[in-house]
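Dear colleague,

Please find the structure we talked about below, together with my notes on it.

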Amino acid sequence: MSVSYYPLFTQTVGAAGASTITFNNIPQGYQDLKIEYSLRSNAASSTADGNNFVVNGLANIYSWTQVYSTGAGLGGNNLANSTSYLGVVPAATGTANIFSVGTLEIPNYTGGTYKQGFVNSVSENNTVGATAHLISNLIKTTSPITSLSLVCGNGSFVQYSTVTIYARAAQYSTALPVSPSNPLVVDQAGFAAVSFTPSSSDNATTYAVTDNNSVTTYGASSPIIAPVTLGSATTYTVKAINSLGSASAAINPSVTSSNSFASIATVTLASAASPIVFTNIPQNYTHLQLRTSLRNTNSGATESFSVIILNGDAGANYSTHSVFSNGASITSFNAVSATSMYGPEAPNDGRTASIFAGGIVDLLDYSNTLKYKTSKVFTGFDDNGFGYVFMHSGTWYSFAPVTAIQINSGSTFKAGSTIALYGIA
Amino acid sequence: MAAQSTYTPIATTTYASPGVNYVFSNIPQTYTDLVLVVYGRNTYPTATNAINMYINTTTQSSSNWSQTNLNGTGTGNSASHQTTSTPDYGASTSLPSASATANLFGLAEFHIMNYASTIMTKTVLIRGSYDLNGSGALDLNVANYQSTVAVTSLQIGSGYGYNYAAGTTFTLYGITAA
């Protein structure tokens with residue numbers, strides 16, 4: 001019997017609770033996503049509001065419009081340039097054992113246009129004030145959705161809260177998929193590129209590789225980039241998948257990766273520009289490092305350091321400190337509740353020609369959903385009697401994985417400026 | 001976003017006995033940055049001695065270097081400049097030396113950014129650190145070599161030209177951007 005929805009992932013909250021439930025590596029071979037959730041908060045109230053979702057780790061790219069009913073009346077409102085909205089969920093002083101029931105549906109989630117996230121949810125509690133929502137969320141990103149987090153707006157999701165992601169194919173499958181052939185794996189420093197040749201008319205709606213540790217990574221086409229455990233032999237099985245089943249290719253020869261430092265992307269400016277932005281940062285690494293050579297177009301004879309914004313979050317969600325030497329004295333300063341973190345240095349264009357400041361920015365545990373993100377910056381330049389050397393620290397108060405890094409110049413970065421992004425396995 | 005392996009060791013040497021200054025020559029031009037990592041100790045008869053790195057020369061002399069320093073010793077901090085008019089130290093920090101406790105080595109790391117560029121003068125970020133159980137030093141320095149010529153060789157000198165102790169290791173890495 002054919003089915004129209006294919007279950008991808010399920011997460012159930014444990015006894016410790018969870019403020020965020022995150023799904024990464026969402027396969028790209030389907031048409032739509034449908035997320036079913038059953039949630040309850042531990043907030044000290046009868047309901048908890050402000051619950052929302054985040055795609056690709058991107059904050060404040062949403063707007064929404066809702067119609068809601070409390071049973072005693074009908075209302076509606078909207079909010080622009082904000083978080084998304086999933087409706088209220090039952091909380092600690094509400095009737096025991098009641099969880100909300102909601103559905104978030106994101107059509108065409110791999111498309112190159114803005115996405116819509118349609119929510120219908122109920123939070124019944126045997127009172128007139130129980131709430132039902134119909135919410136239309138606009139998701140202002142043109143990137144395919146590769147990760148999704150459900151965020152508790154007040155308190156944490158309690159034990160047994162459950163979220164399941166289903167993928168919906170564009171059409172029913174009428175025949176089993178046909179296995180791919182020629183699997184080939186290439187070591188890519190901390191992960192592997194597994195390529196394969198799909199069979200003609202293979203009936204597949206998506207593909208996947210499963211390694212010998214039972215870790216599965218999905219992809220719409222060859223190659224699929226899959227994690228690899230450093231220092232141990234890893235094998236991968238390639239599968240063609242549709243709603244009726246899967247068909248596996250032969251297991252490829254093992255690969256043992258010992259590389260731990262990989263180049264992800266580099267921007268070298270052909271003309272002056274700011275900001276420099278890296279998006280769709282892979283989540284396969286442990287840490288990130290930026291290596292910079294920067295100069296500003298400002299005609300002054302001084303300098304300015306750049307600032308860093310993560311995931312497009314320009315809210316007051318950062319704190320940052322600095323210590324520096326200008327060759328004559330050492331000074332420290334800071335900014336709290338800031339809208340960015342201190343970043344790599346750049347001399348202004350009034351300084352001696354051809355001098356570009358150097359910078360090394362480390363972002364540790366950038367994909368961890370249990371830690372705020374911390375940066376460390378070593379940067380400076382010297383101009384024969386005039387120079388600065390800085391050490392900055394910064395914190396972004398967010399559990400979201402870092403998927404985008406934006407570096408803003410104090411003015412504009414001069415042509416020839418370059419920033420390279422590396423992943424450290 | 002194709003990811004390729006990088007951070008490639010180009011060359012390394014460890015002194016089996018005290019040795020003179022070291023030179024990396026014929027450096028490939030195929031990388032983006034160079035990282036020179038020295039885990040070393042000097043034989044000059046004091047507790048510390050300078051390590052000086054120079055570009056495109058085989059002698060410990062060059063007139064094109066300047067540097068800005070931030071130094072902490074645990075008991076005080078200092079800021080300083082070196083200019084092209086002062087004695088030429090190249091890109092420098094310091095390492096433990098002969099009168100320091102035996103077997104203590106220090107770390108000196110030099111990041112030569114965009115070393116093959118012919119439009120940039122060469123900025124070198126330098127981290128130096130060692131602890132001698134009661135004293136020590138941390139350096140964050142930035143040096144500039146005022147030349148747009150691509151870097152093809154590095155010479156690692158020392159204060160007063162003293163030898164490096166046995167066990168000192170010099171390793172040069174190349175980092176390749178996408």
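Is Asn81(A) buried or exposed? Asn81(A) is exposed, because it has 9 other C-beta atoms within 10 Å; here a residue is called buried if 20 or more other C-beta atoms lie within 10 Å of its own, exposed if 12 or fewer, and partly exposed in between, with the C-beta atoms placed from the backbone. Asn81(A) is found in strand E7 (residues 74–82) of chain A, where strands (E, at least two residues) and helices (H or I, at least four) are DSSP runs numbered from the N terminus. Although Asn81(A) is not a glycine, it has a positive phi of about 45 degrees.

Before going further, please keep in mind that this is a predicted model, in which local features need pLDDT of at least 70 and side-chain atom pairs count only at pLDDT 80 or more, while totals for chains, interfaces and linings use all residues. Residues are numbered from 1 along each chain as its sequence is written, and chains are lettered from A and ligands numbered from 1 in the order in which they are written.

A second residue with a positive phi, again one other than glycine, is Tyr160(B), whose value is near 65 degrees. Tyr160(B) lies in the loop between E12 and strand E13 (169–175) of chain B, and it counts as exposed because 12 other C-beta atoms lie within 10 Å.

Chain A has zero helices and 34 strands, and of its 425 residues, buried ones make up 48%. Of the contacts in chain A between residues at least 6 apart in sequence, 77% join residues at least 24 apart, a contact being a pair of residues whose C-beta atoms, placed from the backbone, lie within 7 Å.

One sheet of chain A is open and consists of four strands in the order E24-E33-E26-E29, with antiparallel pairing; two strands are said to pair if DSSP finds at least two bridges between them. Strand E24 (276–278) and E29 of chain A are at the edges with a single partner strand each, so one side of each is left without a neighbour in the sheet. From one strand to the next the twist averages 20 degrees, taken between axes that are lines fitted to C-alpha atoms, with angles running from 0 to 180 degrees between N-to-C directions. Strand E26 (residues 303–310) of chain A is joined to E29(A) by five bridges, and Val307(A) has Tyr342(A) as its bridge partner in E29(A). E26(A) also pairs with strand E33 (residues 405–408) of chain A over four bridges, with Gln406(A) as the bridge partner of Ile309(A). As for E29 (residues 341–347) of chain A, seven of its seven residues are buried.

Ala400(A) lies in the loop between strand E32 (387–396) and E33 of chain A, and it counts as buried because it has 25 C-beta neighbours inside 10 Å. Not counting residues up to four places away in sequence, Ala400(A) touches Val54(A), Gly57(A), Ala59(A), Ser149(A) and Asn311(A). Ala400(A) and Thr20(A) are 380 residues apart in sequence, yet 8.8 Å apart in space from C-alpha to C-alpha.

Two cis peptide bonds may be worth a look in the viewer. One joins Ser222(A) and Pro223(A), with omega about -5 degrees, and Pro223(A) is found in the loop between strand E17 (216–219) and strand E18 (224–227) of chain A. Another joins Ser274(A) and Pro275(A), with omega about 0 degrees, and Pro275(A) lies in the loop between strand E23 (261–268) and E24 of chain A.

Turning to the place where the chains meet, 37 residues of chain B are in contact with 41 residues of chain A. Strands that each supply at least two residues to this side of chain B include E6 (65–72) and E10 (122–131). The residues on this side of chain B divide into 15 nonpolar, 21 polar and one charged, where Ala, Val, Leu, Ile, Met, Phe, Trp, Tyr, Cys and Pro count as nonpolar, Asp, Glu, Lys and Arg as charged, and the others, Gly among them, as polar.

With best wishes

Note on methods. Contact = placed C-beta atoms within 7 Å.
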